Amino acid sequence: MLIIDVRTPQEYAQGHLEGAILIEYQNIVDEIIDYVDDKETPIGLYCAAGARSGIAAFMLAQHGYTHAINLGAYEDLLQQYPKASV
């Protein structure tokens, strides 16, 4: 699964999941093509609280990405995967 952090560059610099790619949520549709060739690729998105990643997942779905899911909040993900922080 491709993991995308849709927060700001400043938020990303303060910590992100290991291997996560930074694409701000408002740029997701334009920039996802740099990382995904197949619209059926599993994509997990997260942000600070889950709202921006929800918007990004919706935008991707509207553009035919069939497996884009909102993973929710960064801090919650750290609780589940404590070794994932960078």
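Two strands are said to pair if DSSP finds at least two bridges between them. Helices (H or I, at least four residues) and strands (E, at least two) are DSSP runs, numbered from the N terminus.

Please note that this is a predicted model, in which local features need pLDDT of at least 70, side-chain atom pairs count only at pLDDT 80 or more, and totals for chains, interfaces and linings use all residues. Residues are numbered from 1 along each chain as its sequence is written, and side-chain values use heavy atoms, with hydrogens and water left out.

The protein chain contains four helices and four strands, arranged along the sequence as β-α-β-α-β-α-β-α. What is the order of the strands in the open sheet? It is E2-E1-E3-E4, with parallel pairing. Strand E2 (21-22) and strand E4 (68-73) are the edge strands, each pairing on one side only. Five bridges join strand E3 (residues 43-47) to E4 in the parallel sense; Tyr-46, for instance, has Gly-72 in E4 as its bridge partner.

Turning to the overall form, the C-alpha trace spans about 30 × 20 × 20 Å along its principal axes. The radius of gyration, taken over C-alpha atoms, is compared with a globule rule of 2.2 Å times the number of residues to the power 0.38. For 86 residues a compact globule would have a value near 12 Å, so the 12 Å of the protein chain agrees.

Finally, 38% of the 86 residues are buried, that is, under 20% relative accessible area (1.4 Å probe, protein chains only).

Conventions:
Buried < 20%, exposed > 50% of the residue type's maximum accessible area, 1.4 Å probe, protein only.
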